[in-house]
Amino acid sequence: VFQGMGHTISGLKLRGEVPAANKGDYRAALILENTGTIRDLTLAGVDIVCTGDNGNTAGPACAGLVADNLSGGVVQRCAVTGTIEAPGFEKVAGIVAQNKGGSVQDCYFEGNLTGRFMGGGIVAYNNSNSSIQRCFANAAINLTGTEQVSGKNSQQGNDGALICAYPNTAYIQGNVAYGGSITYAYNQPGA
């Protein structure tokens, strides 16, 4: 258990760049993988900048707190405020980039997110064995992808949402997006 005990980490700066090899495996966040419990922690005024892009490979993920929340992972009563810029990354989120069998509960994000294809205020990608409950978000999300990618090279598509960009068939309940905006660089033909 990572017990934040209500403490705040202020002014966290992270810098990352997608390597030429294994692009799909690249992750950037305070915590790269979680299979335990993270609770009662605030990251205030984060400044996260990730450069490079995934090209035609699915995968690079960037978040304020956790990159991959895996089976058994619980993120509870955590908050992130600030800016996360990863304009070439497939998945970008305020709290968790990929929720793969984990649970995100009672969390909060307020700030700006920039990603390529999938941006979510709380979670970018959520698989069917995961849950997001009672979270709040006020996010300005900017998606930079200029091409339609749904079904192309295993990427999920151009998806943005203030709570969860790609919810799959997961359990999502009691969340509130109380403010924010989503801007897409890609305009669907005929739209």
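Y178 lies in strand 21, which covers residues 176–184, where strands are DSSP runs of E of at least two residues and are numbered from the N terminus. The model is a predicted one, in which local features need pLDDT of at least 70 and side-chain atom pairs count only at pLDDT 80 or more, while totals for chains, interfaces and linings use all residues. Residues are numbered from 1 along each chain as its sequence is written, and side-chain values use heavy atoms, with hydrogens and water left out.

With a relative accessibility of 43%, Y178 counts as partly exposed, a class that falls between buried (under 20% relative accessible area) and exposed (over 50%), with a 1.4 Å probe and protein chains only. Together with F136 and V176, Y178 makes a nonpolar surface patch of about 270 Å²; the residues of such a patch have over 30% relative accessible area and no salt bridge, and their nonpolar side chains are joined within 5 Å.

Elsewhere in the chain, five strands form an open sheet in the order 4-7-11-15-19, with parallel pairing, two strands being paired if DSSP finds at least two bridges between them. At the edges of this sheet are strand 4 (31–34) and strand 19 (164–166), each of which pairs on one side only. From one strand to the next, the twist averages 20°. Within the sheet, strand 7 (residues 66–70) and strand 11 (residues 96–100) pair in the parallel sense over four bridges, and N69 stands opposite N99 in strand 11.

The structure also holds three aromatic pairs, for which the ring centres of Phe, Tyr or Trp (its six-membered ring) must lie within 6.5 Å, with planes under 30 degrees apart counted as stacked, over 60 as edge-to-face and the rest as tilted. One of these pairs is made by Y26 and F89, which are edge-to-face at 5.8 Å centre to centre, with 80° between the planes. This pair links distant parts of the chain, 63 residues apart: Y26 is in the loop between strand 2 (13–17) and strand 3 (27–28), and F89 is in the loop between strand 9 (79–85) and strand 10 (91–93). F89 is buried, with a relative accessible area of 0%.

Another pair is formed by Y125 and Y166, which is stacked because the ring centres are 5.5 Å apart and the planes are at 15°. Here too distant parts of the chain are linked, since Y125 in strand 15 (residues 123–126) and Y166 in strand 19 are 41 residues apart. Y125 counts as buried at 14% relative accessibility, whereas Y166 is partly exposed, with a relative accessible area of 25%.

Methods. Patches are made of residues with over 30% relative accessible area and no salt bridge: like charges are joined within 9 Å, nonpolar side chains (Val, Leu, Ile, Met, Phe, Trp, Tyr) within 5 Å. Accessible areas come from the Shrake-Rupley method with a 1.4 Å probe; for residues, only the protein chains shown count as cover. A salt bridge is a side-chain nitrogen of Lys or Arg within 4 Å of a carboxyl oxygen of Asp or Glu. Axes are lines fitted to C-alpha atoms, for helices over the stretch in contact, and angles run from 0 to 180 degrees between N-to-C directions.
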